[in-house]
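Try each task on your own before you read the solution.

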Amino acid sequence: MTSLTDPTDPTDAAGAGYTPPLEAPAPPDVAGLVNLRDVGGMSTADGRRTRPGVLYRSEMPKVGDRPPPESMVWPPRTVIDLRSAVERGPDPHPLAALGAEIRVFPLLGDDAAPGRHTTASGAMEAGLQALYVAMVEHAAPQLAAIVDVVATAPGPVLVHCAAGKDRTGVTISVLLRLAGVVERDVLADYAATEQNMRGVIKRLKRLKGHALLPGVSDPERGRELVKTSVAAAEAVIATTDAHPGGVAGWVRDHGASEESVRRWRDLILA
C-alpha cells in the first residue's frame, strides 16, 4: 500500500491486522477539505450545463473539519463512501453526526488493506491506467448502483474515497459522461485534483501510516499513484463510451434502471 507517511515509499504495510491509527491535530491550512468541489457548471454536447448544488466530490472528511464556504450547501444530505471496510474503520462516518445519509460502495473491495494482495492491488502494479480500467471492469455493478442512488437520493450528494482522486475520479467520470458532459470538461475536473494533492497528503499524514491505495511494492509506482493521469481518465471514458449504447447502455447493462438514467440527467442538467 502506498504510504502517505512518505508518498515515495510504498513499503509501510502493517499486514492483515491493520487498523487506522488515531489522528493528530490538523495544521491550520488543511483543517478543512482541500479537494472538495461542486461539479456544477460543466458543458454538455447539446449546450446545457450541470447544475450547482447537486454533486460534490472530495477526499475523505474528518471529525472537526472546518466547514466549506457558505456558497456550498453543507453538510451534503447524502454521502457515497467508496473506501474499504478497513479504511472506514469502526467509527461512524464523520458526516453522519451532521445528518448525512451514508451509502457505502467499496470500489476496490472491502478487503483492501495494507499487505493484502487483491485484484486491484495487482492492477496498481501496472499503473493508474490499468487500475482505472480494472475498476471499470470489476466494479461496474457498483458504479451502476451508484447511478440508482444519485438519481433518487436527497441532495447535494458527496462522492469521496481517501484522496478524492482515483475511485472518486472514476465514479464522477461515469456520472458526468452519463449526463452528456463533454470529455474536455470531465478531464479538466479530474486533472484539477493534481494541484490539491499536496494538501490531501498533508491531511492524510495525520493518520500515521494511513495509505492512499493498497498493494504497491515498487517505489516508482508509488510516486505515480500520488499524481493524476489524464491518460488513465481517458481510458475510463473510452471504455464506457465504447459500449454500443454508450455510457447509458453500459450502466444499464450492469444494473442501473432506465428510469434512474433519465432522472439523473433531469436532476444534474439545467
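**Exercise 1. Leaving aside its neighbours within four places in sequence, which residues is Asp81 in contact with, in this predicted model?**

Solution. 
- Step 1: Find Asp81 in strand E3, which covers residues 78-81.
- Step 2: Skip the neighbours within four places in sequence and list what remains: Arg88, His93, Ile102, Arg103, Val104, Phe105, Pro106 and His160.
- Step 3: Check the accessible area. Asp81 has a relative value of 1%, and the cut-off for buried is under 20%, so Asp81 counts as buried.

**Exercise 2. Is Val54 buried or exposed, and which residues is Val54 in contact with beyond four places in sequence?**

Solution. 
- Step 1: Look in the loop between strand E1 (37-38) and E2, where Val54 is found.
- Step 2: Read off the relative accessible area of Val54, 12%; because that is under 20%, Val54 is buried.
- Step 3: Collect the contacts. Val54 touches Pro156, Val157, Trp264, Leu267 and Ile268.

**Exercise 3. How do H5 and H6 pack, and which residues make the contact?**

Solution. 
- Step 1: Remember that two packed helices are described by the angle between their axes and the distance between the axes.
- Step 2: Take both values for this pair: an angle of about 155 degrees, and axes 10 Å apart.
- Step 3: Name the arrangement. Angles over 145 degrees count as roughly antiparallel, so H5 is roughly antiparallel to H6.
- Step 4: Note the handedness, which is right-handed for this crossing.
- Step 5: List the partners. H5 brings Gly169, Ile172, Ser173, Leu176 and Arg177, while H6 brings Glu183, Val186, Asp189 and Tyr190.
- Step 6: Sort these residues into four nonpolar, two polar and three charged.

**Exercise 4. Which residues of H9 are buried, and what covers them?**

Solution. 
- Step 1: Locate H9 at residues 230-241; this helix of twelve residues reaches 16 Å from its first C-alpha to its last, close to the 16 Å expected.
- Step 2: Pick out the buried residues of H9: Ala232, Ala233, Ala235, Val236, Ile237 and Thr240.
- Step 3: See what covers them. The cover includes helix H3 (128-138), helix H5 (167-178), helix H6 (183-191) and helix H10 (246-253).
- Step 4: Follow one of these partners, H6. The axes of H6 and H9 come within 10 Å and cross at roughly 135 degrees, which makes H6 oblique to H9.
- Step 5: Find the meeting residues: Glu183, Val186, Leu187, Tyr190 and Ala191 in H6, with Val230, Ala233, Glu234 and Ile237 in H9. They divide into seven nonpolar, no polar and two charged.

Notes. Residues are numbered from 1 along each chain as its sequence is written. This is a predicted model: local features need pLDDT of at least 70, side-chain atom pairs count only at pLDDT 80 or more; totals for chains, interfaces and linings use all residues. Side-chain values use heavy atoms; hydrogens and water are left out. Helices (H or I, at least four residues) and strands (E, at least two) are DSSP runs, numbered from the N terminus. The expected span of a helix is 1.5 Å times one less than its number of residues. Buried means under 20% relative accessible area, exposed over 50%, partly exposed in between (1.4 Å probe, protein chains only). Contact means heavy atoms within 4.5 Å. Axes are lines fitted to C-alpha atoms, for helices over the stretch in contact, and angles run from 0 to 180 degrees between N-to-C directions. Angles under 35 degrees count as roughly parallel, over 145 as roughly antiparallel, 65 to 115 as roughly perpendicular and the rest as oblique. A crossing is left-handed if the near helix is turned anticlockwise from the far one by less than a right angle, and right-handed if clockwise. Ala, Val, Leu, Ile, Met, Phe, Trp, Tyr, Cys and Pro count as nonpolar, Asp, Glu, Lys and Arg as charged, and the others, Gly among them, as polar.
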